[in-house]
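Have the sequence and the 3D view ready.

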Amino acid sequence: MKVATVILAAGLGTRMKSSTPKVLHKICGKPVIQYVADAVLKLKSAHNIIVISPNAEDIEDALKKYNVTFSRQNEPKGTGDALKSAVRKLKGFDGTLLVLNGDTPLISPATLQNFLKLHRQNKNDLSLISFAMEGSHSYGRIIREGGRLKAIVEDKDADEEQKKIREVNSGIYAINSDLTGLLKEIIINNKKGEYYLTDIISIASKRGHKVGAYMLGNETELAGINSREELHKAGIYMRDRIVSKCMDNGVSFIDSSSVFISPDAKIGSDTIIYPNVHIEGRTVIGKNCIVYPNTRIISSKIGNNVVIKDSTVIEDSSVKDSAVIGPFAHIRPGSLIKASAKIGNFVEIKRSVIGECTKASHLTYIGDAEIGSNVNIGAGTITCNYDGNKKNKTTIENDVFIGSDSQIIAPVKIGRGAYIGAGSTITRDVPSMSLAVSRTEQKNIDSWAIKRQKSKVRRQKTDNKEDR
Ligand code: UD1
Ligand code: MG
């Protein structure tokens, strides 16, 4: 059976009360639409179409790495109209359309596969996934007659009796391509004034087509995200799902309710995650690491036995085995911190390489620098990489000692084993094994303080006389 998938992701998403399209709101740092696209692309279907509004470049942007075709729905006239716009892209396609709402991020590929199997096995023309839902909600109710699927009634249009029906529509359908002509028969006959895709059920059923609804997933997996509250709930559920998976893989959490981990992140065994840690993007953390509280790691690669102390930010960088980072460190994009290096309190590193066993322990800025191994960067050192026009490179070779409060004015190179005296401003290359000092020489004036004291006492006596 050939399958073409269609994700409906146009429309206003008014219930979110947001200027951001609904499907771009994020769950654990990842847009809702990417979850749906990830699930769908695992099916390896012949075509993957995503229906978006005109000017939805931001959605296209969020999916630029996905192998999908976009179809534009000119006006948000409802889910029936949205599917019609996708069908125009599928001229000549003969097979099954798997149609999903773009606001159902927790759907698993396994559920979709089971669903397609049931659709095929039962030789249906049209199938949908339903699930059980209690209490008040906005899902469409499944209307059955003698157990057979007959129609869907939207919550807004349902009467009191219909509202009591527990079986609801997930918004996931399998539709044989020869039924797509029925979309033309959908008319606006509802309170919302839209073309409802759900009406295709009653139309197909009346025409004698074989239709079926299968209760497959649960209310969590099939939850549609229409409001901030639903987004929040899905976020919590996804967080718990990810944390459980991490725990299965041997990761410990001190307080899992306060951490957020991207679904695309990987964490090795015996790593301990403290409260309020955010791990975003495709971050990989190795084995036996400790990540202390209030830390954010974005799209970075962390080796084994790394300690990341409190309140640290690491972005698009790589930290090798046994390095120690923080507290209060900022590793900015493009940095490589090699094995056993130490980046301490209030140290900022930008697009730099820090060699093995090198230490920058306090109050330092290192930008556009290449620093060798076993280098000691004293407190308050600054690589002055920006000349007001362009960024310049600092090279510091192995075994260099940089005294505290030094400014290294790039472009400049400090040769292997050299020393920089504390408080120096280095403007020229420093040869290997030499000492560079650029501060004025110290002068000690003997008994200066005693003379100062005496003159102060004399002044006071004169003043007192004048006052009388
Ligand atoms: C829809 C179903 C409802 C089902 C629920 C499951 C209809 C009429 N109702 O309701 O039976 O229980 O999903 O979550 O289909 N969209 C477009 N173009 C539009 C309107 C919407 O592409 O003109 C897209 C949206 O981006 C969204 C999806 O279609 O991803 C569903 O639309 P939404 O407004 O969320 O429908 P629900 O009210 O949730
Ligand atoms: Mg919805």
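A polar contact here is a pair of N or O atoms within 3.5 Å; within protein, one must be able to donate a hydrogen and the other to accept it, and residues adjacent in sequence count only if both atoms are side-chain atoms. With that in mind, look at arginine 15, where a side-chain N or O atom sits 2.9 Å from an oxygen atom of ligand 1. Asparagine 226 brings a polar side-chain atom to 3.0 Å from a ligand 1 oxygen, while glycine 102 uses a backbone N or O atom, 3.1 Å from an oxygen of ligand 1. The protein covers 93% of the 750 Å² of accessible area that ligand 1 has on its own (Shrake-Rupley method, 1.4 Å probe; for residues, only the protein chains shown count as cover).

This is a predicted model: local features need pLDDT of at least 70, side-chain atom pairs count only at pLDDT 80 or more, and totals for chains, interfaces and linings use all residues. Residues are numbered from 1 along each chain as its sequence is written, chains are lettered from A and ligands numbered from 1 in the order in which they are written, and side-chain values use heavy atoms, with hydrogens and water left out.

Now widen the view to the 23 residues around ligand 1, each with a heavy atom within 4 Å of it. Ala10, Gln73, Gly78, Glu154 and Asn169 come nearest.

Finally, find tyrosine 419, which is partly exposed because its relative accessibility is 46% (buried is under 20%, exposed over 50%, partly exposed in between; 1.4 Å probe, protein chains only).
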